[in-house]
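Here are a few notes to read with the model open beside you. Take them one at a time and find each spot as you go.

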Amino acid sequence: MTTNPSMNPTTHASDHASDIKTQRLGDLSSTLADIQFCDNYIPALTADTYTITMTHQISGDAKLPPSPPQPFTETQQFLVEGPRFSITAADIQTQFPANKSQGQFDQQFPYIVLTKRALPWERLLQPSDNTIPWVALLLFQESELIAPAGNSGTLSNPTGAGTYSLSQIVQPEAGVLGPAIQLSVVDDSQATCRAINLSPATFTALLPRLGELKYLTHVRQIDQQSLQGKCESELTGNGWFSVVMANRLPIAPPAGSVIVLVLVTGIEKFLLGFC
């Protein structure tokens with residue numbers, strides 16, 4: 001049996017304020033040296049469908065005509081969108097190790113730096129804890145990935161990922177356990193994304209536990225003015241970045257490693273099961 005633990009190895013998954021308040025971060029900016037680390041950055045509204053209701057009651061002087069007996073009420077739904085099945089190159093500031101690079105990387109945990117500070121928390125994974133991110137950075141040996149049908153060569157597909165329509169993701173073939181998610185009204189069921197396939201044993205052994213995800217992700221605020229003349233001065237954006245780290249060191253050469261950024265939305269109950 002094959003388990004499909006996530007949807008997109010290139011993706012990029014909270015309604016309350018972070019423990020580190022936005023205002024407090026602003027107060028710290030005047031004393032910022034080069035970099036400030038924060039646990040997270042929780043958006044005011046996460047990606048979801050919301051309902052807003054307005055009620056208007058008219059009242060006046062007794063000499064005026066009587067007001068309507070029932071208040072006027074209007075309800076409107078609105079959608080907050082966010083990345084779900086993919087991110088763009090513009091969302092990535094840097095990554096370590098670099099794609100297709102070779103070297104002695106087995107002494108440092110892999111990481112990816114995202115240009116959006118709130119991206120790892122833009123979707124609510126656990127209603128009871130909005131500090132848990134909906135994405136994870138995973139590292140595998142090539143032999144730990146199940147190659148998609150018809151593409152088993154590592155040279156042609158070094159990440160071991162397959163291309164699937166969103167309808168195949170939410171309703172995978174027999175013998176494959178996919179994420180328990182539903183497509184929204186803005187999702188095109190025929191749009192495609194990239195996904196990896198794992199055996200149940202690999203999934204259980206290597207994926208972070210739900211309670212560990214928050215410790216593998218953080219936010220950095222860079223004082224770009226203090227980095228004038230340094231290589232870091234090429235940073236894009238406004239100085240805010242989110243960082244997602246892997247929970248496993250790369251394999252020492254000559255063995256190769258595959259590192260993928262995946263969503264964990266829809267599989268969180270399996271991460272709870274072996275906490």
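This is a predicted model: local features need pLDDT of at least 70, side-chain atom pairs count only at pLDDT 80 or more; totals for chains, interfaces and linings use all residues.

1. Strand 6 (residues 111-114) and strand 12 (residues 240-245) are antiparallel partners, joined over 4 bridges. For a landmark, look for Tyr-111, which sits opposite Met-245 in strand 12. In general, strands of a sheet pair through backbone hydrogen bonds, either parallel or antiparallel.

2. Zoom out and you'll see an open sheet of 5 strands, with antiparallel pairing and the order 2-11-12-6-5. Which strands are at the edges? They are strand 2 (35-38) and strand 5 (92-96), and each pairs on one side only. From one strand to the next, the twist averages 20°.

3. Next, the surface. Leu-45, Ile-52 and Phe-78 make up a nonpolar patch there, and together they have about 260 Å² of accessible area. You'll find Phe-78 in strand 4 (residues 72-80). Is Phe-78 buried or partly exposed? Its relative accessible area is 34%, so Phe-78 is partly exposed; buried would mean under 20%.

4. Last, the cysteines. A disulfide is a covalent bond between the sulfur atoms of two cysteines. How many disulfides does the model have? With sulfur atoms required to be within 2.5 Å, the count comes to 0 disulfides. Have a look at Cys-38 anyway: its relative accessible area is 4%, so Cys-38 is buried. Cys-193 counts as buried as well, at 5% relative accessibility.

Key
Residues are numbered from 1 along each chain as its sequence is written. Side-chain values use heavy atoms; hydrogens and water are left out. Two strands pair if DSSP finds at least two bridges between them. Helices (H or I, at least four residues) and strands (E, at least two) are DSSP runs, numbered from the N terminus. Axes are lines fitted to C-alpha atoms, for helices over the stretch in contact, and angles run from 0 to 180 degrees between N-to-C directions. Patches are made of residues with over 30% relative accessible area and no salt bridge: like charges are joined within 9 Å, nonpolar side chains (Val, Leu, Ile, Met, Phe, Trp, Tyr) within 5 Å. Accessible areas come from the Shrake-Rupley method with a 1.4 Å probe; for residues, only the protein chains shown count as cover. A salt bridge is a side-chain nitrogen of Lys or Arg within 4 Å of a carboxyl oxygen of Asp or Glu. Buried means under 20% relative accessible area, exposed over 50%, partly exposed in between (1.4 Å probe, protein chains only).
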